[in-house]
Amino acid sequence: MQELLIDLDRTANKSLQSQLREVLVSAILQGHLGPGEKLPSTRRLSTQLGISRNTSVLVYQGLTEDGYLRTNQRSGYFVNEAICEIGMPNHSAQPLAPVGSVEGLNWGDRIKRKPGAQANIRKPRDWQKLKYPFIYGQPDRALFPITDWRDCVYKAMGKQWLDDWSQDTLDNDDPLLIEQIRNRILPRRGILASEDEILVTLGSQQALYMVASLLVGERTAVVLEDPGYPDARNIFSLRTETVHYAGVDAGGLKLDDVPAETELVYTTPSHQLPTTVTMPIERRKALLAQAEADDFVVVEDDYELETNFTGKPVPALKSLDGGGRVIYLGSFSKTLFPGLRLGFVVASRELIAEMRALRRLMVRHPPNNNQRSTAFFLSLGYYDVFVRRLHRTYEQRWQVMGEGLARHVPHAKVTRGMGGSSYWMQFDDADRFDGPTLVQRAQRESVYVEPGDIYFARPHAPSCLRLGFSSIPTASIEPGLAILGQLLAKTG
């Protein structure tokens, strides 16, 4: 123990107690502390590390209870030989001789699908360090009701609910979460559904992948929006060679661009991704009529279902669907937090049954503890309070950003949707710029913006930018836009 250097980081998010325990467990399992080796007294360890003696006592007691240490009366703490026999690698064992050779093994020829070669949205992992993060899809930690969420997590962890979430439920969902989705979430979008028409997923992303897996073959004709969601483009492109692209105008997806041989249309009608425009009720009805006439299905991705804070919300396509042709995708990621990875699908019971069977082959079901915690968050009313707070904050930021863009980037064509959490900016040919270069220059000024070229599938895309406001403080929007305007003036 004398030779073991322990460095505790007092600026880390982890407590000193947790850090000390991790260091000691790693030292034991990796053999740095040998079987039967005596550890320094709690008093000596506390003095050595500059921590309270109580912290050392609690760590030693916890490791003793878990079998990592043992005590001899009045002799102190020792490394438990039994735990070492289980956890330590056998350094005396001779490694097996390798069989065969990797020479000539060409994985490139064996891999049948190569999603790694597709163009994807890239975001800096350390975006929180930037002063002006106009990043999309990331939460503002200052807005999230962590105390309320913690209350729901603790409630879900209670003994009375242990059997509900700790067991392997095969392909079943949490009944309380299904009830909340059916009775609290869907009616706000005008959707009525039975329990067997709803499936919980690991975010809408998994739902989209399963839809493509079940409904799209090598020659299935699929129509996507352009500009549109890059991940949808990549998912469907892995399944079929027949992908058509429909343009987007002030009313969303252009119906004239949907060919008669279409079998599936993917659309984001509430807040078109990325332009944020909302498809009016007339076009929604026309799309459904066209789907009936040409016999195709519609995948409605309502990814920002709780961010309509300007004007009267337009009913979801699914609420107008009398023929069962619409597959509705919803997500809690944009409202709660992306790391939750919970979404849901509403579709015909025949399709939901097959999606449930496919999900079982993939992950069985989303984590039951997360489902139950989310269900409590909804049932106890925390979700509604949080959504109202988001609406007030987003509407304020939406207004401030709109005014700031008019002042600092007046030459850009700015799209203002009916809510959402981002702005879409398009520049004419005279103001064309290199998106990646602009992003790099902006990050040097502690500003992050997203270039718009990734959202276009067809060549000769216009110069565009996407600016999110979900995570940037309201007071930072104006100065951030001022810097962006200066950079654009130099770049254009």
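Mentor: Start with the second largest cavity, which is lined by Leu224, Glu225, Gly228, Tyr229, Ala232, Arg233, Tyr245 and Tyr266. Two elements each give two or more residues to this lining, namely β5 (222-226) and α10 (230-239). Keep in mind that the model is predicted. By class, the lining of the second largest cavity has 5 nonpolar residues, 1 polar residue and 2 charged ones. The space in this second largest cavity comes to about 40 Å³.

In total, 2 cavities of 30 Å³ or more are counted. The largest cavity holds about 150 Å³ of space. Its lining is made up of 18 residues, and those nearest the centre of the largest cavity are Gln138, Pro139, Lys334, Tyr394 and Ser470. Sorted by class, the lining of the largest cavity divides into 8 nonpolar, 7 polar and 3 charged residues. As for the approach behind such a search, rolling a probe the size of a water molecule over the atoms shows where empty space is left.

Tyr209, Leu361, Met362 and Val363 make a nonpolar surface patch of about 390 Å². Of these residues, Tyr209 belongs to helix α9 (residues 203-215). The relative accessible area of Tyr209 is 36%, so Tyr209 counts as partly exposed; a residue can join a patch with over 30% relative accessible area and no salt bridge.

Conventions
Residues numbered from 1 in each chain as written. Predicted model: local features only at pLDDT ≥ 70, side-chain atom pairs only at ≥ 80, totals over all residues. Heavy atoms only, no water. 1 Å grid on protein atoms, 1.4 Å probe; cavity = no way out; pocket = protein on both sides within 12 Å on 5 of 7 lines; lining within 4 Å. Points joined across faces, edges and corners; volume = space filled by probe spheres on them. Nonpolar A, V, L, I, M, F, W, Y, C, P; charged D, E, K, R; others polar. Helix = DSSP H or I, 4+ residues; strand = E, 2+ residues; numbered from the N terminus. Patch = residues over 30% accessible without salt bridge, like charges linked within 9 Å, V, L, I, M, F, W, Y side chains within 5 Å. Areas by Shrake-Rupley, 256 points an atom, 1.4 Å probe, with all protein chains shown as cover. Salt bridge = Lys/Arg side-chain N within 4 Å of Asp/Glu carboxyl O. Buried < 20%, exposed > 50% of the residue type's maximum accessible area, 1.4 Å probe, protein only.
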